[in-house]
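Morning, everyone. Please have a look at the model on the screen, and then I'll walk you through it.

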Amino acid sequence: MSVDQELVQRVQAGDKSAFDVLIMKYQQRIINVIIGFVHDPVEAQDVAQEAFIKAYRAIPNFRGDSAFYTWLYRIAINTSKNHLTARARRPPAMDVDATEATNIFDAPELKEFETPESNLVSDELEQAIHQAIDALQEDTATAIKLREFEGMSYEEISEAMECPIGTVRSRIFRAREAIEQKIQTIMGEGEQQ
Amino acid sequence: MTANDEELLSALVDGELQGEALDRAIALVSTDQTARERFQRYQLASNVLHGQAIGHQQGDITQQISAAISDEPVHSVTPVQAKTVPETPTADVLTFPERFWKQTVGLVVAASFGALAVVGTMTQPDYAVMPAASMAAVEAVPVPNVVVSQQQVAPVPVVTVAVQESGNRWTVTEQGIEDRLNVYLVDHNEYAGASDIFSNARVIAYESGR
């Protein structure tokens, strides 16, 4: 069972804090999808809140036939369209498939709503993360690359690198620590500006 | 927050936690603001690496949503199991050697042909298995020097033909009639009452008996 499924089951069983984890995990992606409809980041946050509340109310009916994100994505799209209709604004004709929307680069309909500022931040972040990875020790860099770029599980990485799963977890954590420090620096500079 | 807790948050981003470790991670991000921020940055880094964040400065909406759903009733449904293939009890299966199966299949095929032959024989008219000479004798009632009279059929001159069985052929006084009769005999043995595979069987039987 995936972590998402386990979190959903905990929410269904009455654990609201498990829903917090789902919000934290997917809010960025959901807001980005909604920005594609409403064209305004602040307004998109309001619509995202509404979408998450709807998802919480409907979660007892979620049966796990699809991935949680796919289900949540559909709710976000419908909420965005209803939001625009309620404000007498025409929803865009485009509709992005949930599987496509998993990767923003595969969804050109959403990319057109990027602004020069958002592109700059995104580029800076990506550059900083890659620099941080390049500065890592070889084993640590390999572990995070296999995880993030190849999508391998800890078990698969442990087999590939011939080391225990605990070691894989530590290496990936160390890589994230280095990346996180870089992100903090960029975020701090961004906030100062 | 300990280093182990931070490692838990990293594993939570990767979806690699279960059971008590997941309980601990959920408790951390629910109660500890530092842990929450760190988890969000780990998640952001992962999203950027997957091309999933376009970089709009976004605030954390978790607390607003948590506040909004705090008045919502707590769900208490029995978790619906995700689509999984139910584990059906499987019976112990005896594995036979390949040779056993080959022999069994051979036996079944042989039995099928045997049954086919028996059924075919039983459904054929009796004369089908009789020797050609005897068969012709039954049909034509071969009495030596029989006189066939067609007087009652048509008022034509009476034709008298002497017919006699001789081994596998008919002997008739007139050569033309004898040839025609023997051709009929051959044709009859080949095709009469025959159909599909039995026609082939018949030909083979005929040829072998010739």
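Where in chain A does A:His39 lie? A:His39 is in the loop between α2 (16–38) and α3 of chain A. One caution before I go on: this is a predicted model. The backbone at A:His39 has a phi near 65°. That is a positive value, in a residue other than glycine. A:Glu162 is another residue to look at. Its phi is near 55°, again positive and again not a glycine. A:Glu162 sits in the loop between α9 (154–161) and α10 (165–192) of chain A.

Now the interface. How many residues does each chain bring to the contact? Chain A gives 73 residues and chain B gives 64 residues. Together, chain B and chain A bury about 6500 Å². Of that area, 57% is on carbon and sulfur atoms.

Next, the polar side of the interface. There are 24 residue pairs in polar contact between chain B and chain A, counting pairs with both residues at pLDDT 80 or more. Which helices of chain B supply at least two residues each to the side that touches chain A? They are α1 (3–13), α2 (19–31), α3 (33–49) and α4 (62–69). The largest share comes from α3(B), with 13 residues. By type, the side of chain B that touches chain A has 27 nonpolar, 25 polar and 12 charged residues.

On to the charges. Side chains of opposite charge can pair when their charged atoms come close. Over all chains, the search of the whole structure finds 15 salt bridges. Across the interface of chain B and chain A, the count is eight. Take A:Glu180 and B:Arg41. Their closest N and O atoms are 2.3 Å apart, and the two form a salt bridge. Then take B:Glu72 and A:Arg57, whose side chains meet in a salt bridge at 2.7 Å, N to O. Why does this pair join two chains? Because B:Glu72 lies in the loop between α4 and α5 of chain B, while A:Arg57 is in helix α3 (residues 41–58) of chain A.

Last stop, the surface of chain B. Which residues form a nonpolar patch there? B:Val105, B:Val109, B:Phe113 and B:Leu116 do, with about 380 Å² of accessible area together.

Terms used. Residues are numbered from 1 along each chain as its sequence is written. Chains are lettered from A and ligands numbered from 1 in the order in which they are written. This is a predicted model: local features need pLDDT of at least 70, side-chain atom pairs count only at pLDDT 80 or more; totals for chains, interfaces and linings use all residues. Side-chain values use heavy atoms; hydrogens and water are left out. Contact means heavy atoms within 4.5 Å. Buried area is the accessible area (1.4 Å probe) that two parts lose on being put together, summed over both. A salt bridge is a side-chain nitrogen of Lys or Arg within 4 Å of a carboxyl oxygen of Asp or Glu. A polar contact is a pair of N or O atoms within 3.5 Å; within protein, one must be able to donate a hydrogen and the other to accept it, and residues adjacent in sequence count only if both atoms are side-chain atoms. Helices (H or I, at least four residues) and strands (E, at least two) are DSSP runs, numbered from the N terminus. Ala, Val, Leu, Ile, Met, Phe, Trp, Tyr, Cys and Pro count as nonpolar, Asp, Glu, Lys and Arg as charged, and the others, Gly among them, as polar. Patches are made of residues with over 30% relative accessible area and no salt bridge: like charges are joined within 9 Å, nonpolar side chains (Val, Leu, Ile, Met, Phe, Trp, Tyr) within 5 Å. Accessible areas come from the Shrake-Rupley method with a 1.4 Å probe; for residues, only the protein chains shown count as cover.
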